[in-house]
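This report describes a structure in terms of its sheets, its cores and its ring contacts. Please have the sequence and the model at hand while reading.

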Amino acid sequence: MTTDTKDPVYIADQLIADDIDAYLEKHQHKTMLRFITCGSVDDGKSTLIGRLLYDSKMIFEDQLASLERDSKTVGTQAGEIDFALLVDGLAAEREQGITIDVAYRFFATDKRKFIVADTPGHEQYTRNMVTGASTADLAVILIDARQGVLTQTRRHSYLVQLLGIRNVVLAINKMDLVGYSQERFYEIVKDYSHFAKQIGMESFLPIPISGLKGDNIVSRSPAMPWYQGPSLLSHLEEAEINTSRMQDAAFRMPVQWVNRPNLDFRGFAGQIGSGVVRPGDAIRVLPSGRTTTVKSIVTYDGNLDVAVAGQSVTLTFADEVDCSRGDVITTADEPCEVADQFESTLVWMSEAEMLPGRPYLLKIGTQTVTATVTEPKYEVNVNTLEHTASKTLGLNAIGVVNISTDRPIPFEAYRANPDLGGFILIDRMTNATVAAGMIHFALRRSQNIHWQAVDINREAHAAQKNQKPAVVWFTGLSGSGKSTIANLVEKKLHALGKHTFLLDGDNVRHGLNRDLGFTDADRVENIRRVGEVAKLMTDAGLIVLTAFISPFRSERRMVRDLMADGEFIEVFVNTPLEVAEARDVKGLYKKARSGQLKNFTGIDSPYEAPDAAELVVDTVSLSAEEAADKVVSAILAR
């Protein structure tokens with residue numbers, strides 16, 4: 001049976017099919033704008049997004065029915081449609097009428113696709129706001145027209161500026177509640193402009209709106225004829241996207257994966273962070289600095305003649321050049337910097353405060369390294385922008401610090417390239433993200449200090465002493481017997497002709513660490529210094545014995561990581577608190593109980609027992625002499 005191409009039904013079907021194809025083709029090539037809404041609590045962020053979804057016809061009939069039903073039961077608009085409920089997904093948010101988590105929503109218009117992040121307003125959820133802003137091209141900062149510029153307005157504006165978002169909309173919301181007052185609008189704009197200049201915000205677009213009523217959201221509102229600017233949606237449709245700027249920058253591609261499906265193919269896959277690349281281009285692999293040229297640009301759909309920022313591709317090289325995950329491929333004549341020490345801004349996102357000297361994992365691009373943070377140069381008061389002295393950083397604090405990594409990494413200043421200048425810090429024990437950071441520049445010392453090669457190495461020192469170097473790390477509560485056992489172990493090893501040195505906690509604090517107290521931060525620095533000294537002593541071929549409370553697993557692991565495999569022996573002197581306190585040889589527990597001694601381990605400061613020590617010594621069932629014999633046997637059995 002043949003189809004009659006002149007049949008009206010057939011023609012109608014074809015027109016519908018053609019329309020669908022045209023729509024899908026047009027939709028596929030629309031640009032994508034990512035933006036955030038932020039501001040203080042109850043400024044109307046969720047209501048605004050709900051209104052955008054509603055007016056852009058991105059709500060299905062069943063969603064609309066559910067919205068109308070929920071508005072009557074848990075809404076805040078006296079039974080009228082509560083647009084915030086489209087976004088406030090958590091039960092706790094609906095009950096409290098606030099946003100807690102970051103809610104992402106997709107919608108589209110004829111001109112553009114959008115992903116919007118509704119970020120929390122409460123100060124305690126600032127870390128969620130940073131998460132939402134990290135990938136945004138534009139920020140909509142809301143202000144309640146009745147309240148004006150508040151503390152969280154300043155905090156979020158500062159973070160928006162810090163994170164490099166240059167396209168900012170100041171949406172002065174709830175204009176219907178101030179009688180659509182032109183004077184009130186300009187009063188708030190003037191107040192905000194003063195703060196914007198202080199934080200270096202070059203420009204912003206103020207728009208008077210009512211998210212609930214829909215004024216100036218999709219189209220200009222007749223209620224405010226004095227406002228002649230664009231509506232919010234029209235500005236979002238026309239705003240410049242960051243991708244175009246990154247395409248004009250020098251070529252950078254962090255390597256995410258080495259693609260080796262067979263012996264005949266070796267490619268390096270990743271997303272192009274900036275610039276343009278073509279076959280034949282001269283490139284450099286960092287941090288090694290090796291150079292070659294691009295042989296081909298491979299994708300699932302075939303090879304490309306050119307690839308630009310934002311595309312995910314696989315590059316093959318003309319030469320056999322070592323390149324692995326975490327490396328950065330750059331243009332040969334304009335590479336990025338490589339360093340291991342930086343000045344950076346940190347936004348602390350953990351309830352556990354930052355401890356200077358503690359090792360964290362630093363993830364930048366596709367690379368993860370170990371990093372330590374110095375005591376802050378200063379902390380920023382976002383209300384006054386004052387730089388204040390601080391020993392550490394607490395939850396939501398913003399400070400400038402120096403960061404050292406365990407090896408050189410390729411980077412660029414965050415303002416030039418967020419992908420290669422932005423990083424997160426991860427707690428090595430809990431795997432929780434504790435901070436977001438932005439690199440300013442490399443410290444000069446990282447370029448001026450180089451490792452000096454020596455002819456007599458650690459192997460030669462150890463061979464001369466006819467022993468294997470090691471660090472025997474005694475850890476346990478005060479009064480557990482660490483120093484007593486360590487002293488006996490050294491005497492026994494000395495009698496056997498072994499070359500040793502004992503680093504005792506109290507003795508070290510008389511000299512090397514006399515400037516340190518007993519706060520958590522000082523305890524971390526105490527162990528960091530001791531670990532570095534112990535490593536130098538093993539380089540000299542010695543068996544190093546250390547007797548320190550060393551209460552934190554993270555710092556003990558830091559010292560372990562400094563040593564070669566098998567050269568760190570952790571000895572847990574396991575003594576119950578009540579037994580150690582009963583001994584109280586130095587009278588320290590008594591002082592701690594009476595409040596005379598602060599930050600004492602076991603009383604008002606925690607002790608984290610080892611999870612998998614090489615040796616556990618129970619001083620309740622063993623005498624000091626028996627415990628020492630057990631440790632010596634373990635050392636000699638290596």
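## The parallel sheet

Strands β24 and β27 run parallel and are joined by five bridges. Strands are DSSP runs of E with at least two residues, helices are runs of H or I with at least four residues, and both are numbered from the N terminus. Two strands count as paired if DSSP finds at least two bridges between them.

The model is predicted: local features need pLDDT of at least 70, side-chain atom pairs count only at pLDDT 80 or more, and totals for chains, interfaces and linings use all residues. Residues are numbered from 1 along each chain as its sequence is written, and side-chain values use heavy atoms, with hydrogens and water left out.

## Strand order and the packed helix

The open sheet that holds these strands has five of them, in the order β25-β26-β24-β27-β28, with parallel pairing. Its edge strands are β25 and β28, each of which pairs on one side only. On average, neighbouring strands of this sheet are turned by 20° against each other, direction ignored. Helix α19 (residues 624–636) packs on the sheet and touches β24, β26, β27 and β28. The direction of α19 makes about 170° with that of β28. Here, contact means heavy atoms within 4.5 Å; axes are lines fitted to C-alpha atoms, for helices over the stretch in contact, and angles run from 0 to 180 degrees between N-to-C directions.

Strand β26 (residues 543–547) pairs with β24 in the parallel sense over five bridges, and V544 of β26 is the bridge partner of V471. Strand β25 (residues 500–504) also pairs with β26 in the parallel sense over five bridges; there, D504 has A547 as its bridge partner in β26. Five of the five residues of β26 are buried, where buried means under 20% relative accessible area, exposed over 50%, and partly exposed in between (1.4 Å probe, protein chains only). Both faces of the strand are covered, with I543, L545 and A547 on one side and V544 and T546 on the other.

S478 lies in the loop between β24 (470–475) and α13 (482–495). This residue counts as buried because its relative accessibility is 12%. Leaving aside residues up to four places away in sequence, S478 touches I549, A580, L588, Y589 and F600.

## The antiparallel sheet

Another open sheet has seven strands in the order β7-β15-β11-β12-β14-β9-β8, and the pairing is antiparallel. The edge strands are β7 (252–254) and β8 (257–262), and each pairs on one side only. Neighbouring strands of this sheet are turned by 40° against each other on average, direction ignored. Within the sheet, β9 and β14 pair in the antiparallel sense over four bridges. Q271 stands opposite S312 in β14.

## Nonpolar cores

A nonpolar core is a set of buried Ala, Val, Leu, Ile, Met, Phe, Trp, Tyr and Cys residues joined through side-chain atoms within 4.5 Å. The largest has 41 residues, of which I36, Y158, V160, I172, Y192 and F204 touch the most other members. At least two residues of this core come from each of β1 (31–39), α5 (126–133), β4 (138–144), α6 (151–162), β5 (167–173), α7 (182–198) and β23 (433–442). Helix α7 supplies the largest share, six residues.

A second, separate core has 27 residues, among them F342, Y360, L393 and I403.

## Aromatic rings

The structure holds twelve aromatic pairs. Rings of Phe, Tyr and Trp (its six-membered ring) pair if their centres lie within 6.5 Å; planes under 30 degrees apart count as stacked, over 60 as edge-to-face and the rest as tilted. F268 and F317 form a stacked pair, 4.6 Å centre to centre with 25° between the planes. F268 is in strand β9 (residues 265–271) and F317 in strand β14 (residues 312–317), 49 residues apart. Both F268 and F317 are buried.

F572 and Y607 are also stacked, at 6.2 Å centre to centre and 20° between the planes. F572 lies in strand β27 (residues 568–574) and Y607 in the loop between α18 (588–593) and β28 (615–618), so this pair ties together parts that are 35 residues apart in sequence.
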